[in-house]
Amino acid sequence: MAFTGNYSCNSLRAGLVNGTINFASDTFYLALYTNAATLDETTSAYTTAGEVVASGYTAGGQVVTATIGSQTTSSGSVTYITFSSPSWTSALTARGALIYTPGDNGAVCVLDFGNDKTSTSTFTVTMPANTSTSALIRLV
C-alpha cells in the first residue's frame with residue numbers, strides 16, 4: 001500500500017530553482033518499484049528499498065532521455081518535458097517508478113501505475129506524448 005499517486009518531487013522544484021536539475025544536459029534514470037516501496041513527493045533520491053528484483057532488470061533502472069518542448073498560446077506559455085520509454089526484456093512485476101538524476105540532484109517524479117503491472121517477456125513503461133497537454137511534466 002505504498003503507492004498513493006503520481007508526484008513531482010520536492011527535490012525537482014528545488015533543483016529547478018537552484019539550478020541543480022537541467023533537463024537539457026543531465027542524465028536521468030527510471031527505476032522500477034514494487035508496492036513495498038514508499039515513494040511520494042518527499043522522495044529526495046534514488047533508493048533500493050522496494051526496487052524490483054528480477055532477472056534482466058538491473059538495480060538503478062535504465063537511462064531515459066528527456067525531451068523538452070514549448071508552446072505559446074493566447075493564454076500564455078507552457079514548457080513541457082517527457083522522457084523516452086524504457087523497456088526490459090524480463091518477466092517482472094512493478095507497481096510504479098521513480099525518475100531521478102544520480103548524485104545530489106535527486107528525485108524528479110514518482111509514477112504510480114495504479115496497480116501491479118506484470119510482464120512475462122518485455123516490460124515497457126510508455127511515456128505520454130511530448131505535447132503541451134500530455135507531457136509528463138508541464139510548467140505553465
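Student: Where is the place of Thr42?
Tutor: Thr42 sits in the loop between E2 and strand E3 (62-64). Keep in mind that this is a predicted model.

Student: What makes Thr42 count as buried or exposed?
Tutor: Its relative accessibility is 51%. Exposed means over 50%. Thr42 therefore counts as exposed.

Student: Which side chain makes a polar contact with the side chain of Thr42?
Tutor: That of Asp40, at 2.5 Å. The limit for a polar contact is 3.5 Å, so 2.5 Å qualifies.

Student: How far apart are the C-alpha atoms of Thr42 and Asn22?
Tutor: They are separated by 20 Å. Along the chain, these two residues are 20 residues apart.

Student: How many disulfides does the structure hold?
Tutor: It holds 0.

Student: How do you know whether Cys9 is buried or exposed?
Tutor: Cys9 has 0% relative accessibility. Buried means under 20%, so Cys9 is buried. Cys109 has a relative accessible area of 5%, so Cys109 passes as buried too.

Student: Which residue in E8 does Cys109 stand opposite?
Tutor: Cys109 stands opposite Ser8.

Student: What makes E1 and E8 a pair?
Tutor: Strand E1 (residues 7-8) and strand E8 (residues 106-119) share 2 bridges. At least two are needed, so they pair. Their sense is antiparallel.

Student: How many bridges join E7 to E8?
Tutor: There are 9 between strand E7 (residues 92-101) and E8. These strands also run antiparallel.

Student: What is the count of salt bridges, and which residues form one?
Tutor: The count is 1. Arg95 pairs with Asp112, with the closest N and O atoms 3.0 Å apart. The cut-off is 4 Å, so this is called a salt bridge.

Student: What does the pair tie together?
Tutor: Arg95 lies in strand E7 and Asp112 in strand E8, so parts that are 17 residues apart in sequence are tied together.

Student: Which strands pair with E5?
Tutor: Strand E4 (residues 66-73) pairs with strand E5 (residues 76-83) over 8 bridges, in the antiparallel sense. A hairpin of 2 residues joins them. Strand E10 (residues 137-139) also runs antiparallel to E5, with 3 bridges. Thr79 stands opposite Ser70 and opposite Leu139 in E10.

Student: Which residues have the most contacts inside the largest nonpolar core?
Tutor: They are Phe23, Leu30, Leu32 and Phe83, in a core of 35 residues. Strand E2 (28-33), E5, E7 and E8 each give two or more residues to this core. The largest share, 6 residues, comes from E7.

Student: Which residues are in contact with Phe83, leaving aside its neighbours within four places in sequence?
Tutor: Among them are Phe23, Phe28, Val64, Ile99, Met127 and Leu136.

Terms used:
Residues numbered from 1 in each chain as written. Predicted model: local features only at pLDDT ≥ 70, side-chain atom pairs only at ≥ 80, totals over all residues. Heavy atoms only, no water. Helix = DSSP H or I, 4+ residues; strand = E, 2+ residues; numbered from the N terminus. Core = buried A, V, L, I, M, F, W, Y, C linked by side-chain atoms within 4.5 Å. Buried < 20%, exposed > 50% of the residue type's maximum accessible area, 1.4 Å probe, protein only. Contact = heavy atoms within 4.5 Å. Disulfide = S-S within 2.5 Å. Polar contact = N/O pair within 3.5 Å; in protein donor to acceptor, adjacent residues only side chain to side chain. Salt bridge = Lys/Arg side-chain N within 4 Å of Asp/Glu carboxyl O.
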